[in-house]
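Please read the following note alongside the sequence and the model. The points are set out by topic.

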Amino acid sequence: MAIRDVRVLGTGQLLELDRKLRAAGGARLEQSLHRRVRRAAEPVHRELQRAIRTNPIRGQGGGRTRRGGGRNGRAHRVAGLRESIARAIRIEVRNRAGRPGARLWIDRGRLPIDQRSLPDRIEDGRWRHPVFGNRKRWSTQHSRPWWGPTIRRMEPHMRREIARVLDDTERRIRG
């Protein structure tokens, strides 16, 4: 199962509110809505990061140590796979005409090139790779799905929060 973007987009209530905001000319209302929708998505964002950071991937440890680049050529710690993925999770809030909403996604451009397919593979539960690039020796890694279960658990919370924000904003427009 591939990881999908999570989006709360284009619902009738969001579209109607977007029209009313534009008609009211309320740039401050629009900024407030944007900020509050982002705040509603932040707990889901933190949970996704926690889920990947604590995912028990068997067969390989957390960070790597690399020589050079540090002071006096000393070894320094490089972010591990789980930490790299956690840092790449993003929130995007849109207020564009006809497409208002919130989206949680993994910015694969922020991952090292050789790790860009790994969020999907971790979600699938297993993947194979050569040991330290040696194509004669392969290792199988095992993990638990993390994106789907976290989203299913957190989605009702996010929808409730966004509905509350939308209701408050609509009251301010009418009021």
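1. Helices here are DSSP runs of H or I with at least four residues, numbered from the N terminus. Glu47 lies in one of them, helix α2 (residues 27–53).

2. Residues are numbered from 1 along each chain as its sequence is written, and side-chain values use heavy atoms, with hydrogens and water left out. The model is predicted: local features need pLDDT of at least 70, side-chain atom pairs count only at pLDDT 80 or more, and totals for chains, interfaces and linings use all residues.

3. Leaving aside residues up to four places away in sequence, Glu47 touches Thr150, Arg153 and Met154 (contact means heavy atoms within 4.5 Å). The side chains of Glu47 and Arg153 are also joined by a polar contact of 3.1 Å. Such a contact is a pair of N or O atoms within 3.5 Å; within protein, one must be able to donate a hydrogen and the other to accept it, and residues adjacent in sequence count only if both atoms are side-chain atoms.

4. How do α2 and helix α3 (residues 81–88) pack? Their axes are 8 Å apart, at an angle of about 170°; axes are lines fitted to C-alpha atoms over the stretch in contact, and angles run from 0 to 180 degrees between N-to-C directions. Therefore α2 is roughly antiparallel to α3 (the term applies to angles over 145 degrees). Gln49, Ile52 and Arg53 of α2 meet Arg82, Glu83, Ile85 and Ala86 of α3.

5. Trp146 is buried, at 2% relative accessible area, and Trp147 is buried at 5% (buried means under 20% relative accessible area, with a 1.4 Å probe and protein chains only).

Definitions and conventions:
Helices (H or I, at least four residues) and strands (E, at least two) are DSSP runs, numbered from the N terminus. Buried means under 20% relative accessible area, exposed over 50%, partly exposed in between (1.4 Å probe, protein chains only). Angles under 35 degrees count as roughly parallel, over 145 as roughly antiparallel, 65 to 115 as roughly perpendicular and the rest as oblique.
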